[in-house]
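Okay, thanks for coming, everyone.

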Amino acid sequence: MMPAVVKLCCGISYPHLRSMAGLQRTAVAVIGQEITHLQRWGQIQHHMRTHGFDYNDNQEEHFAVPKKEDVKPLPVKEDQLFYVQQGQEAMRKALSMLEDKEGWKVEITENNGDVICSKVMLGARKVFRLEAVLEASVDELYDLLFVRVEEMHQWNPSIQHIKVLKRVGPETIVTHEVSSETAGNLIGQRDFLSVRHSCKQKSSVYLGGAAIQLESFPPQAGFVRAEDGPTCIIIQALDGDTRKSRFTWLLNMDVKGWLPKSIVNQALPRAQLDFTRHLRRRLTASATLGV
């Protein structure tokens, strides 16, 4: 599924940057972060049952949304429950967006089978849904995108760093991410403050997330604080092949600043494809090195 768990951040490839001039290149450079938000394993299956998710593995595009009355708090401290509830609500809203099949239009179709569709939501913001098949198990992808999210900068060049500020049980984290500085970036780097939540049911993992406000961590000097969410990633085991997974990513981001919507709406789906390419390279390297 998911993301992340959770935005969620996107990798931007250098060939794309060279092929884009001026403002468009700038837009792409600052947007490449979403899915890092998207990102523990542990007792997730029990958590998923507890929170009322009902996913049918035989319906590839059915994303069930838990009812509020079925959602019960995790056994965490009262002052931490806020983060868990925020993560759960972000995931519920993101899955609801995916569940609504009306209004989606194909934006990009790649030769490798990757497809990106878009939909205009209330408020005129476009959201983007990427569908891909990755040669990795559900556990491996969950490990990269959630458990080891702080290492993402090692394989995603658009990210300068990701820091987990809070861990609230095994399923919920609060992260701060900073995009990499790139040549020609007229508006400076972006940073993101997000809550990430993860769940698992059967052979699927759900990572959800959204922007969060913390008085103890205000916007940083020199950065424009962008906001993502509600967003999610869904990772599903591919029928008949445990080494492959179906990867569905809902990207929903407000980059803030002065960039025109037309530029942002061109850059976001391209950033999704770039991130997926970087992720595939990381998976190939892992398979080669056996790590």
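Predicted model: local features only at pLDDT ≥ 70, side-chain atom pairs only at ≥ 80, totals over all residues.

Where is it? Glutamate 150 lies in the loop between α5 and β4. If we ignore neighbours within four places in sequence, glutamate 150 touches Ile162, Lys163, Val164 and Arg167. Histidine 161 is 11 residues along from glutamate 150, and the C-alpha to C-alpha distance for those two is 7.1 Å.

Okay, zooming out. The chain has 6 helices and 12 strands. Of its 291 residues, 53% are buried. The exposed surface comes to about 12700 Å², with carbon and sulfur atoms supplying 50% of that.

Now the inside. In soluble globular proteins, nonpolar side chains tend to be buried together. Here, the largest nonpolar core has 38 residues, and the ones with the most contacts inside it are Leu145, Met152, Ile235, Phe247, Phe275 and Leu279. Elements giving two or more residues to this core include the helices α5 (138-147) and α6 (261-289), and strands such as β3 (126-134) and β10 (231-238). There's also a second, separate core of 13 residues, with Met91, Ala94, Val127 and Leu250 among them.

On to the aromatics, which I know some of you were waiting for. The count is 4 aromatic pairs. Take tyrosine 142 and phenylalanine 146: the ring centres are 5.3 Å apart and the planes are at 25°, so we call that one stacked. Those two are 4 residues apart in helix α5, so about one helical turn separates them. Tyrosine 142 and phenylalanine 146 are both buried.

Then there's tryptophan 155 with phenylalanine 275, with centres 5.6 Å apart and planes at 50°, so that pair is tilted. This pair links distant parts of the chain, with tryptophan 155 in the loop between α5 and β4 and phenylalanine 275 in helix α6, 120 residues apart. Again, tryptophan 155 and phenylalanine 275 are both buried. Bring in Trp249, and ring pairs link Trp155, Trp249 and Phe275 into a cluster.

One last thing to look at, a charge and a ring. Arginine 129 has its charged end over the ring of tryptophan 104, 4.7 Å from the ring centre. That's me done, over to you.

Notes. Residues numbered from 1 in each chain as written. Heavy atoms only, no water. Buried < 20%, exposed > 50% of the residue type's maximum accessible area, 1.4 Å probe, protein only. Areas by Shrake-Rupley, 256 points an atom, 1.4 Å probe, with all protein chains shown as cover. Core = buried A, V, L, I, M, F, W, Y, C linked by side-chain atoms within 4.5 Å. Contact = heavy atoms within 4.5 Å. Phe/Tyr/Trp six-rings, centres within 6.5 Å; stacked < 30°, edge-to-face > 60°. Lys NZ or Arg CZ within 6 Å of the ring centre and 35° of its normal.
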